[in-house]
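Subject: Structure handover

Hello,

Here is the structure I promised to pass on to you. Please have it open while you read, as my notes follow below.

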Amino acid sequence: MSQLQAADLGLKSVGTLYHNLDYAQLFAHEQARKEGKLSHNGTMMVDTGKFTGRSPKDKYFVKQAPSQDAIAWGNINQPISAEIFDEIYADVTAYLAGKDLYVTDGYSGANPETRKSVRFITEIAWQSHFVKNMFIRPPAEDLPGFAPNFQIYNAAGMTNRKWQKHGLNSEVFVIFNVEKNIAIIGGTWYGGEMKKGMFTMMNYWLPLEKILSMHCSANIGHHGDVALFFGLSGTGKTTLSTDPRRRLIGDDEHGWDADGVFNFEGGCYAKCINLSAQNEPEIFAAIKRNALLENVVADPAGNIDYADGSKTENTRVSYPIDHIENHEPSLKGGHPKNIIFLTCDAFGVLPPVSKLSREQAMYYFLSGYTAKVAGTERGVTEPQATFSACFGEAFLPLHPTVYGKLLGEKMAEHGVNAYLVNTGWAGGGYGVGSRMSIKATRACINAILDGSIEDAEFDQTPFFKLSIPKQLPGVDTHLLNPRNAWTDKENFDKIARKLAGMFIENFKKYYVEGDIDFTQFGPSL
């Protein structure tokens, strides 16, 4: 039985409080409430309604002192007044009052010195299941005295009918009040809002303490060598870090403090589209009881068609990290030896692997580049560049240069190597060249992790001034210099200039008068 009272949750009244249910109890509630269906192997499958991803245009911070001086206001971090927040918060607590609620306590951050305790209040059993998967589960002895640093109220079934009066984007809302240590969510059932909400808050708190927060995966070798993998969606961040020869620290969100690297989470949240046992055996095997599938398509017997994206291309599974057999139980590692920036370059002009100086690493970290193939429904076939600062701009409350400078300082202090790895196209852009094989990419990653790339002789590319190995075991020498892989060299130069120009234009917003001019470490024309 829960010892919590309505007042402890900021509510006037409650029905039954289901506080920190175990997996078996949550599973029973999900079945009794018909919140989902079972797959053929007993994994719960749920649908998240019309929202199958985050709603970034509906995310706000309360603009008030002292946090207003630290937050980078703009399209990512939109301001809302304290008065409007208080009005919506009152509506949320009134909506939740008297209901049966699921209360789930967890930790964000594996380092006890800097972790945050967070309490999630939801009206849906599967959302409690989701956060139990994603956050670090406190040991039983911690629960009686658990005191949350932050509370998230998820009123998924409620919408803000006064959104136009409030000057908001829609009836959906995800609002953070830093000073009150509260977030409120309404109008969307998507579980990822809670996960990324706490990531956003960690991105606010930690850098102010000189701890770097990172949107990356991390693993650790037999000799304790830690590697970080940064990359936007579709670049291979989760796949390449899940390596049977190295223990997985985490697949998405980490901090880097004076002791080393630590996971924010206690679980993984992997994409399922086109998932197969052959290509991603560890993730495929993690989908079993206690995992939670979102928006997948299955037949009446529960057999899942992972290739079916008719509900969404963003089909997902959350699972406790111990579903990955080869994981690091402490969720921590020492200071990284190697940092790998993954990019899927659909223009086909970036090398399969490049060694970066510290200054170049800061430049490409701030650029956060990948490229996506344009939508064919409009008849556009050429790639579209995407720049997301620090490979996670949507979750950065502070200015990107805060994170960029912290990365540079930590790399210098600990002598960290950095590399840029292209998992995209070679020999031409999308529609002309071919996608880099996973075998070739793995060979590049292996050469970085075992240190053999350091023995290579290096050359330099035009335009991007990247250091590239002339030879590398397991990689076609012809591919290592991207210009050599193109039949039409003049067209390569034309496309390379075009992409270099996009980098230069994008980076202008990071130049501050009197500060270090990092543009000299990026492409030039």
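Let me start with helix H3: 10 of the 10 residues of H3 are buried, so this helix is largely enclosed by the rest of the structure. The buried residues run from Ala125, Trp126, Gln127, Ser128 and His129 through Phe130, Val131, Lys132, Asn133 and Met134. Please keep in mind that this is a predicted model.

One partner of H3 (residues 125-134) is helix H1 (residues 23-32); their axes lie 9 Å apart and the packing angle is about 150°. An angle over 145 degrees counts as roughly antiparallel, and H1 and H3 are therefore roughly antiparallel to each other. Their crossing is left-handed. On the H1 side the contact involves Tyr23, Leu26, His29 and Glu30, and these meet Ala125, Trp126, Ser128, His129, Lys132 and Asn133 of H3. By class, the residues of this H1 and H3 contact split into four nonpolar, four polar and two charged.

Next comes helix H8, which is mostly covered, with eight of its 10 residues buried. The buried ones are Gln360, Ala361, Met362, Tyr363, Tyr364, Phe365, Leu366 and Ser367.

Helix H8 (residues 358-367) and helix H12 (residues 489-507) have axes 10 Å apart and pack at an angle of about 85°. That makes H8 roughly perpendicular to H12. From H8, the contact uses Tyr363, Tyr364, Leu366 and Ser367, while H12 supplies Phe503, Ile504, Asn506 and Phe507. Six nonpolar and two polar residues make up the contact of H8 with H12, and no charged ones.

And here is the one with H9. The axes of H8 and helix H9 (residues 400-414) come within 9 Å and cross at roughly 150°. That makes H8 roughly antiparallel to H9. The crossing of H8 past H9 is right-handed. H8 contributes Arg358, Ala361, Met362, Phe365 and Leu366, and H9 contributes Pro400, Thr401, Tyr403, Gly404, Lys405, Leu407, Gly408, Met411 and Ala412. Sorted by class, the contact of H8 with H9 holds nine nonpolar, three polar and two charged residues.

Two single residues are also worth a look on your screen. Asn219 sits in strand E11 (residues 212-220). Is Asn219 buried or exposed? Its relative accessibility is 0%, so Asn219 counts as buried. A polar atom of the Asn219 side chain lies 3.0 Å from the backbone oxygen of Ser241. Beyond its neighbours within four places in sequence, Asn219 touches Asp225, Val226, Ala227, Phe229, Leu240, Ser241, Asp243, Arg246, Arg247, Leu248 and Ile249.

The other one is Pro352, in the loop that links strand E20 (336-343) and strand E21 (353-356). Pro352 is buried, because its relative accessible area is 4% and the cut-off for buried is under 20%. Apart from its neighbours within four places in sequence, Pro352 is in contact with Leu420, Val421, Asn422, Met436, Cys444, Leu479 and Leu480. Leu398, by contrast, is 46 residues from Pro352 in sequence and 32 Å from Pro352 in space, C-alpha to C-alpha.

Enjoy exploring, and do write back with any questions.

Best wishes

Technical notes: Residues are numbered from 1 along each chain as its sequence is written. This is a predicted model: local features need pLDDT of at least 70, side-chain atom pairs count only at pLDDT 80 or more; totals for chains, interfaces and linings use all residues. Side-chain values use heavy atoms; hydrogens and water are left out. Helices (H or I, at least four residues) and strands (E, at least two) are DSSP runs, numbered from the N terminus. Buried means under 20% relative accessible area, exposed over 50%, partly exposed in between (1.4 Å probe, protein chains only). Contact means heavy atoms within 4.5 Å. A polar contact is a pair of N or O atoms within 3.5 Å; within protein, one must be able to donate a hydrogen and the other to accept it, and residues adjacent in sequence count only if both atoms are side-chain atoms. Axes are lines fitted to C-alpha atoms, for helices over the stretch in contact, and angles run from 0 to 180 degrees between N-to-C directions. Angles under 35 degrees count as roughly parallel, over 145 as roughly antiparallel, 65 to 115 as roughly perpendicular and the rest as oblique. A crossing is left-handed if the near helix is turned anticlockwise from the far one by less than a right angle, and right-handed if clockwise. Ala, Val, Leu, Ile, Met, Phe, Trp, Tyr, Cys and Pro count as nonpolar, Asp, Glu, Lys and Arg as charged, and the others, Gly among them, as polar.
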